[in-house]
Amino acid sequence: RQLDTERWNEYLNAWWRQIIQSDDQLRQRVAFALSEIIVVSAHDGLSSEQFGLSGYYDILIRNAFGNYRDILGEIALNPVMGEYLSMKGNRKPEALENIQPDENFAREILQLFTIGLDMLNEDGTTRFDGGGVPLPTYNQDTVENFARVFTGWHYANAEDFRWPKNKDYLSPMTAWQDYHDTDTKTLLLGEKLPAGQTAEQDLKDALDNVFNHPNVGPFISKQLIQRLITSNPSPEYVRDVAAVFNKNVNGERGSLGSVIKAILMHREARSGHLDSPDSFGKIREPLLRVSQLWRAFEPETIHRDFNYAWVKKELSQSPLNSASVFNFFRPDFSQPGEISNRGLNSPEFQILDESSIITITSRLLANTIWANNQRDDIDEKQLAIDISDEVAMEADTDALLDHLNLLLLGGRMTDELRAEVIALMSERQHQDGEVLRVVEAIYLIASSPEAAVQQ
């Protein structure tokens with residue numbers, strides 16, 4: 001299907017408006033993190049289904065502080081996920097037609113969305129057998145049994161199971177019992193589903209089986225820590241957060257609100273790695289660097305026709321548009337060289353290279369010096385940062401830099417960077433206007449290594 005450029009831009013516009021203007025930024029940030037764990041992508045034939053993609057993202061926003069089991073239930077029946085990972089239209093075995101259930105969703109819900117490939121300790125470290133080999137969480141038989149669970153579902157408005165013309169990408173999929181495998185199924189840890197159950201009951205029992213596996217707490221908690229705080233959380237950090245996932249103060253398993261609170265309030269989130277401070281933190285994703293800039297200097301207006309077509313090309317990221325179900329980068333990616341030699345993870349480095357460094361730096365240039373509300377040549381459809389307050393502070397360099405330090409770096413500006421900004425502003429003192437001095441200071445800070453790294 002051909003990409004409807006206008007409607008695709010409307011989809012991106014709605015996403016960016018929420019990221020820039022909404023008051024619930026923590027919820028938005030958690031939803032974005034979840035979208036990089038429970039992945040669907042427009043990259044694989046869904047780019048024309050903007051309403052469906054928005055509906056999928058709404059699940060993550062709505063449940064960002066809810067229960068992870070509820071998310072699993074909703075995404076399993078979401079038609080966009082059904083299309084992306086082939087659960088939609090999945091049929092029970094038919095020997096005469098040589099049909100076997102599609103294993104795509106079954107494999108990914110286990111490998112990527114819940115438990116991973118290897119058995120984990122409570123602190124997220126791998127469990128090994130007596131010979132030093134990682135203990136697997138499941139095998140091919142398990143995948144085949146789960147694939148048989150996920151049979152018999154289709155679009156809510158489908159008039160035919162095999163070749164429907166009606167395609168509802170907003171409503172949850174509904175069951176067609178005649179196409180559901182009703183035989184006994186053996187799931188994780190040997191749990192069996194009895195024969196004769198409906199598609200609805202099998203789905204509920206199977207998701208409960210996955211959700212209650214001991215790996216889910218450490219597997220999901222570690223990835224949320226990586227997305228929000230640091231690429232290399234200590235085992236103690238993961239253990240403490242996983243314990244909250246397993247059981248919060250109310251005895252609830254899977255409460256994301258409690259998990260996010262535990263992540264943000266943990267000692268390590270606030271103090272870093274005391275024994276090896278240089279191993280703490282993370283590279284900021286390009287999408288988050290741009291969104292931070294726009295939130296820091298929120299544009300006076302965001303025109304509905306602002307064109308975001310450059311986002312995927314220049315940032316190597318675009319919401320719900322990764323190259324595969326494995327996200328833009330893997331949580332265990334380790335940049336070859338010193339990082340890998342030290343046994344550290346650096347997920348975001350997987351989309352960071354000489355070319356992407358240039359493009360993100362150029363984009364920050366375009367979004368500051370070339371697009372601010374002090375310019376006379378700004379088109380109404382451009383997204384121009386509002387630097388009115390900063391220009392008013394220009395005469396007091398120290399006050400301006402203290403302000404920008406807090407706004408862009410969270411108070412972590414180094415003496416070296418501060419000296420560079422002061423030197424730049426001094427150099428421009430007699431040859432350029434106050435607006436250019438301010439906006440160049442903003443650009444220098446926003447494009448600095450300090451801004452690229454979250455600590």
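Mentor: Contact here means heavy atoms within 4.5 Å. This is a predicted model, where local features need pLDDT of at least 70, side-chain atom pairs count only at pLDDT 80 or more, and totals for chains, interfaces and linings use all residues. Residues are numbered from 1 along each chain as its sequence is written, and side-chain values use heavy atoms, with hydrogens and water left out.

Trainee: OK, what is Arg 107 in contact with, leaving aside neighbours within four places in sequence?

Mentor: Tyr 138, Gln 140 and Val 143.

Trainee: And is Arg 107 buried, exposed or partly exposed?

Mentor: Arg 107 has 28% relative accessibility, so it counts as partly exposed. Buried would be under 20% relative accessible area and exposed over 50%, with partly exposed in between (1.4 Å probe, protein chains only).

Trainee: New topic: how many residues of helix α13 are buried?

Mentor: Eight of the 11 in residues 286-296, so α13 is largely enclosed by the rest of the structure. Among the buried ones are Arg 289, Ser 291 and Trp 294. Helices are DSSP runs (H or I, at least four residues), numbered from the N terminus.

Trainee: Now α18 and α19. At what angle do they pack?

Mentor: About 130°, with their axes 11 Å apart. Axes are lines fitted to C-alpha atoms over the stretch in contact, and angles run from 0 to 180 degrees between N-to-C directions.

Trainee: Which residues of α19 make the contact?

Mentor: Leu 417, Arg 418, Val 421, Ile 422 and Met 425, facing a set from α18 that includes Leu 400 and Leu 401.

Technical notes. Helices (H or I, at least four residues) and strands (E, at least two) are DSSP runs, numbered from the N terminus.
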